[in-house]
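Please read this briefing alongside the sequence and the model. It takes the contacts by topic.

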Amino acid sequence: MIHLDDVRVRFAPSPTGYLHVGGARTALFNFLFARNKGGRFILRIEDTDLERSTREHERRLMDSLRWLKMEWDEGPDVGGDYGPYRQSERLDIYNDVVRKLMELGKAYEVYATPEEIEKLREDLIRSGNLPRYNRDMLTKFNTPDRIGRMRPAIFFEFEDKEYEFDDLIRGKITFRKGAIGDFVLMRSNGLPTYNFACVVDDHFMKITHVIRGDDHLSNTLRQLAIYEALGWNPPKFAHVSTILGSDGKKLSKRHNVSSIEGYRDRGYMPEAMINYLVLLGWSHPEGKEIMDLDEMIEKFSLDRISANPAMYDEGKLKWMNGYYIRNLDPRTITERAKKFIVKAGYLREEEFDEKFEWVVKVVESVRNGVNELSEIPSKIDFYFIPPKMVDLSDYGEDVLSSLRGFREELKKVMEWNEEGIRTAFKEYLKKAKVKRRDFYMALRLILTGRTEGPELLTVLEVLGKDEVLRRMSLL
RNA sequence: GCCCUCAUCGUCCAGCGGUCCAGGACAUCGGCCUUUCACGCCGGUGACCGGGGUUCGAAUCCCCGUGAGGGCGCCA
C-alpha cells in the first residue's frame, strides 16, 4: 500500500563507466534518506547516451552498489510498479509526453542537423550575442524538402521569466529571467535528452525528493520550466556539493582514485567506504565519526548536509579502512583477505579453507599494522616461507649460545600455547645472562628474517612448535 | 562573456547572534606504552578570505569585493 506522501527517491546513474566515489556518495545520501523515512529507494538507469552506455557498465554499477550494502527497492533487475527502470525502455512514454507538449504549443520540431545547430550557435557568439535559440531561428530549417524526409529534433519553447525553488540544502534558489533559450527535448535519433527524460521519469515514478550532485543545479531551471509547461508538481530538490580532487578540481577519472571497484579490489572494507563517504558533507548530530549503516540510517537528515564542496582525502579513507580492519571480527577480515593470500601463492584455496582457524590467527597477528587488505601477503610471508639467509653477525656468541639453550628449553614445552611459551621465556631468561633486547631481536631474526612484525610470543605460537624448532636448528 | 553555487585549522566537519582568546576527526609534531614495527593513550602546532554595514554584541545576519566550483551540449 503506497501512500501519496511516502518518500520515494532514486539514484539515476548513466551506465557509461564504473561507480565512482561521487556517485556512491549521492547514492548513499538517497539510500539513507529513504531508509530513514521508511520510503523507497529506486535505481534508474539513464542509458540514453547510446554511444557510451553498456550493459556491462550497468552490471558493474549494480555490483558496486550492492557491495556497499545499498539495496534498492525498485530497479531494472528487481522490477517494481513504476517500471521500466531503464530509460532506453521508456521511449513510448517520452514520445507521449512530447506529443502532449506539442499539442500545448510548447514544443516544436526542428529539421536541422546537430552540425547546423552548432554553426548557428557559433554565429550567435561571433556576432556578440548569447548562444540562445528561439523558435524563429530554429524553424527556418524546416524547409519542405526536409520535412518528412529527415527526423526532426524536438525543441522546448522556454518561457523566459524568473524561476525559483527551495533547495533543501541551499535554501531559495532564483534563476533570473533571460538565463537560457529554447533547448532540445528529443534528439533526432529519437532519444530524449537528460533534462527531459529526468522530468518525465521522476514524475511518473512518483519521485518525491531529488537528491543529486550540484552539477545539476543549473539544469533545475530547465526542468522546472518543463514541469510547469506540463502542469506537473516538481519534486523537492536537494543539491549536494561536488567532491573535489586534491588539486581542487572536480573529482574525475583523471584522479584515478575514484573507482569503487578499485577500492574493493585493493582490500577496502565496504563499511569503511560508506563511513568515509557519509562524512564527506554530512555530520552526525553528536559528532560521531565511526558508525555503521544502521546508525547512519537512524541519524540521517538532509539538514545536516553541508553546502561546501569537499576535497577528497584518501589518507583519511585509508586510516578509516585500517580502523575497520583492526576492529571487525577477525574471521570476517580473514575471509575477505582470502583472495589476496591465495593469489600470493601462500596457500591454495582448499588449504586456506582447511586451515582456516590457523589462518585467522595469522591474519589477526598482523592486522593492526594494515590499512589495506592487499598489504597482508607481504606481512605474513614469513609464516609460510622460512627466512633464506639470516645475518646474525651483529650479535655475539653469548646471544647465540643463549638462543641455543632456549631452543632446548622450548623442546620441553608440552602445552604450545601463549601461556606455555610465556612461561618458557620467563623461566629461561631468569638465569640467562643476555641483554633481553638482543636476545629477542636475534630470535625474531631467526624466526622471521625481519626486524619488525607481530609480538614475538604470537609469532612462536602461530608458527607452531615444530616449525620454530626447525628454524632454530640453524643455530 | 552570461547564469547558478560555495567560502571556519593542510584536509573533512561542528558552530545555526552572546556559553568561541572557536570544538572533533585525519594528517603533522612531541611524549608515554613496548623485546621490534605497528596499535593504543596523553599532549602540542594549526582556521573564522578581505572590506563595509545591522546589532549592546557576529564565525554566525545583509551588501560589495576576491577566490573556488559548476552550468551555458541532439553528454549525464
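Predicted model: local features only at pLDDT ≥ 70, side-chain atom pairs only at ≥ 80, totals over all residues.

Residues are numbered from 1 along each chain as its sequence is written, chains are lettered from A and ligands numbered from 1 in the order in which they are written, and side-chain values use heavy atoms, with hydrogens and water left out.

**RNA strand B**

- Gly453 places a backbone N or O atom 2.8 Å from a base nitrogen of RNA strand B.
- Glu455 has a backbone N or O atom 3.3 Å from a base oxygen of RNA strand B.
- Elements that give two or more residues to the surface near the RNA include helix H4 (114–126), helix H11 (314–327) and helix H18 (436–448). Helices (H or I, at least four residues) and strands (E, at least two) are DSSP runs, numbered from the N terminus.
- In total, 60 residues surround RNA strand B, and the closest are Thr48, Ala112, Arg121, Arg170 and Arg187. A residue is near the strand if one of its heavy atoms lies within 4 Å of it.
- Of the RNA atoms within 4 Å of the protein, 74% belong to sugar or phosphate and the rest to bases.

**Helix H11**

- H11 has 14 residues, which at 1.5 Å a residue should span 20 Å; its end C-alpha atoms are 20 Å apart, which agrees. The expected span is 1.5 Å times one less than the number of residues.
- Leu317, Met320, Asn321, Gly322, Tyr324 and Ile325 are buried in H11. Buried means under 20% relative accessible area, exposed over 50%, partly exposed in between (1.4 Å probe, protein chains only).
- The buried residues of H11 pack against helix H8 (260–265), helix H9 (270–279) and helix H12 (330–344). Contact means heavy atoms within 4.5 Å.
- At the start of H11, a side-chain oxygen of Asp313 comes within 3.1 Å of the backbone nitrogen of Gly315.

**Aromatic pairs**

- The structure holds 26 aromatic pairs. Rings of Phe, Tyr and Trp (its six-membered ring) pair if their centres lie within 6.5 Å; planes under 30 degrees apart count as stacked, over 60 as edge-to-face and the rest as tilted.
- Tyr323 and Tyr324 have ring centres 5.8 Å apart and planes at 80°, so the pair is edge-to-face.
- Tyr323 counts as partly exposed at 27% relative accessibility, whereas Tyr324 is buried at 7%.
- Tyr346 and Phe384 are stacked, at 5.1 Å centre to centre with 5° between the planes.
- That pair links distant parts of the chain, 38 residues apart: Tyr346 is in the loop between H12 and helix H13 (349–354), and Phe384 is in helix H15 (residues 376–384).
- Ring pairs also join Phe406, Phe425, Tyr428, Phe439 and Tyr440 into a cluster.

**Ser365**

- Ser365 sits in helix H14 (residues 356–366).
- Ser365 counts as buried, because its relative accessibility is 13%.
- A polar atom of the Ser365 side chain lies 2.7 Å from the backbone oxygen of Val362.
- Leaving aside neighbours within four places in sequence, Ser365 contacts Tyr383, Pro454 and Thr458.

Note on methods. Polar contact = N/O pair within 3.5 Å; in protein donor to acceptor, adjacent residues only side chain to side chain.
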